[in-house]
Amino acid sequence: MLQILLQASSWALFIGRFHPVLVHLPIGFLLIAALLEIGRRTGKVAVSEGTVSFILFWSAISATIACIAGYLLSLGGGYDAGLLNDHMWQGIGVAVFAWIAWLVKSDRFREVIPFSSIIYLPAFGIATLLLLTTGHDGGSLTHGEEYLTQYTPEPFRSLAGMSPAKETVTEIKPLADVNQALVYKDVVQPILEMRCVQCHNESKQKGDLRMDQLALLIKGGEGGPAFVAGKSAESDMIKRCLLPENDDEHMPPKGKPQLTTDQITLISWWIDQGAPADKKVAELTVSEQVKPALAALGTGGTGNAAAKSTVSAIQHIKVQAANEKDLDALRKAGLIVNALAQDRNLLEVSAVNAPDFGDKNMALLTPVAQQIAWLKLGDTKITDAALKEMPKFKNLNKLHLEHTIVTDAGIANLKSLPLLEYINLVDTKVGDAGLREAATFKGLRSVYVWQSAVTDSAVSEVSRKNPQLMVVNGFNEAAVAEFLKAGDSTGLKAKSKAP
């Protein structure tokens, strides 16, 4: 059994993962013992030496157990070797000096140990000081070397001789000219820095993988290459993003900010194009599916599109959480499920990786119809029959039907959706009658109809009669970017947290 535990087995890692819990015990015991000792010696607290000795005993026991669990956790790898070594020996030092302090304090051993009264305070003090340095290194191992000092403000930063604070990527800055942007540097790398680098950097390398430099990303980690150039579907970094969020292999881990569907689409597109290091967007093949995601990176439009309100109709909608079994059924069918706002239980469901999704599969969506706010059924096999189910989706706000064979008859089924603001009908069979029908939807703000059966004259007529509705009949980056920014999932999450 001991041999199994000393290897990177499932048992070792199972016990090792209790280290972050167990390590709080010696911290608490030692600090309480220190406060009681100070209080006893200054006459502020009436406590016996036996009480302090009892607490020291349990601090030594818990520190030893925490050391063992910490060692087992380290077998899983993914930590900076030098920092891990310092943390390990400091932790062992805490346990050793806690045992020494208890031994010379204990009635049982105090009389037989020479100079016990002289040894006690130094041993106790060293254990306490090591506790602080061990905790600092533990935090650095878990969250990165500069985690505790990252947000040190000025002038304290300069006084301490620290380097200027690094800018933390919390959002992707708009690009002035998307077509001239370098695909890796300006599109892919900012996504990785915002969502992945926190756990895959120089000081913290989960799975022995670094994602802060392209060369190291290409090198991969303990599981092999992070991606296969030209084959996003076979790339580990994409497959992990598409796993159910409660799967242990899913990345980013559950509880961390997740990649949006657009972000996954952009990274997949870069990989499929051969993962170039220095190519511009204009130099690569851009599919219709990727165009809206790229347009959302632009600086936005002006005029009519910019004038429209960006306050979403679903901003204050809150529903019951979806049943996890129902969500698992969607994921097993190849659908991507993302939370739009955790505290309001709204979901984005996308069939971007399920091209065979058809009318019969709509039954999978019915159990979570109340929770679905964004539904992406583009490039699937659905027909007008699928849209007959749409009245059940009362909180639907954004609907993608591009590159399907839906017609005017299907659009009529959407009229009863009170919160619907966006419909993508690109490359569908929808014609002038369908556009006129959509224009009657009370809350609709944007409808995309290029490459559909809609005529230019109908677009002009509907736009003139409905100035509040943006009808896009042709790929207009500024217009698309403006709307997508208004409905971006990260923006929605931020708004949901606002008071």
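How many helices and strands does the secondary structure of the chain come to?

1. The count is 23 helices and seven strands. The model is a predicted one, and this applies to every point below. The chain has 499 residues, and 45% of them count as buried.

2. Next, contacts and surface. Among contacts in the chain with a separation of 6 or more, 62% are between residues 24 or more positions apart. The chain has an accessible surface of about 24,800 Å². Carbon and sulfur atoms account for 59% of that surface.

3. One feature of the surface is a nonpolar patch of about 350 Å², made by W11, F14 and F18. F18 sits in the loop that runs between α2 (10-16) and α3 (19-22).

4. Which elements each supply at least two residues of the lining? They are α12 (236-242), α13 (261-272), α14 (291-295) and β4 (398-400). Helix α13 gives the largest share, seven residues.

5. D379 has a phi near 60 degrees, and D379 is a residue other than glycine. H403, also not a glycine, has a phi near 60 degrees. Most residues other than glycine have a negative phi. D379 is placed in the loop between β3 (372-376) and α18 (384-387), while H403 lies in the loop between β4 and α19 (408-411). H403 counts as buried because its relative accessibility is 19%, and the cut-off for buried is under 20%.

6. There is also a cis peptide bond, which joins M251 and P252. Its omega is about -5 degrees. Most peptide bonds are trans. P252 belongs to the loop between α12 and α13.

7. The structure holds 17 salt bridges. Where in the chain do the partners D262 and K376 lie? D262 is in helix α13 and K376 is in strand β3, so that the pair links distant parts of the chain, 114 residues apart. The closest N and O atoms of D262 and K376 are 3.7 Å apart. D262 is partly exposed, with a relative accessible area of 21%. K376 is buried, with a relative accessible area of 11%.

8. K376 also forms a salt bridge with E348, and here the closest N and O atoms are 3.2 Å apart. K376 is in strand β3 and E348 is in strand β2 (residues 346-350), so this pair ties together parts that are 28 residues apart in sequence. E348 counts as buried because its relative accessibility is 3%.

9. A further salt bridge joins D356 and K381, with 3.1 Å between the closest N and O atoms. D356 is in the loop between β2 and α17 (362-365), and K381 is in the loop between β3 and α18. The two are 25 residues apart, and the pair links distant parts of the chain. Both D356 and K381 are exposed.

10. Salt bridges that share partners also join E37, R40, R41, E49 and K105 into one network. Of these residues, E37 can be described in some detail. E37 lies in helix α4 (residues 24-41). E37 counts as buried because its relative accessibility is 3%. Which residues is E37 in contact with, leaving aside its neighbours within four places in sequence? The contacts are V52, K105, Y120 and F124. E37 and E49 are 12 residues apart in sequence, and their C-alpha atoms are 8.3 Å apart in space.

Notes: Residues numbered from 1 in each chain as written. Predicted model: local features only at pLDDT ≥ 70, side-chain atom pairs only at ≥ 80, totals over all residues. Heavy atoms only, no water. Helix = DSSP H or I, 4+ residues; strand = E, 2+ residues; numbered from the N terminus. Buried < 20%, exposed > 50% of the residue type's maximum accessible area, 1.4 Å probe, protein only. Contact = heavy atoms within 4.5 Å. Areas by Shrake-Rupley, 256 points an atom, 1.4 Å probe, with all protein chains shown as cover. Patch = residues over 30% accessible without salt bridge, like charges linked within 9 Å, V, L, I, M, F, W, Y side chains within 5 Å. Salt bridge = Lys/Arg side-chain N within 4 Å of Asp/Glu carboxyl O.
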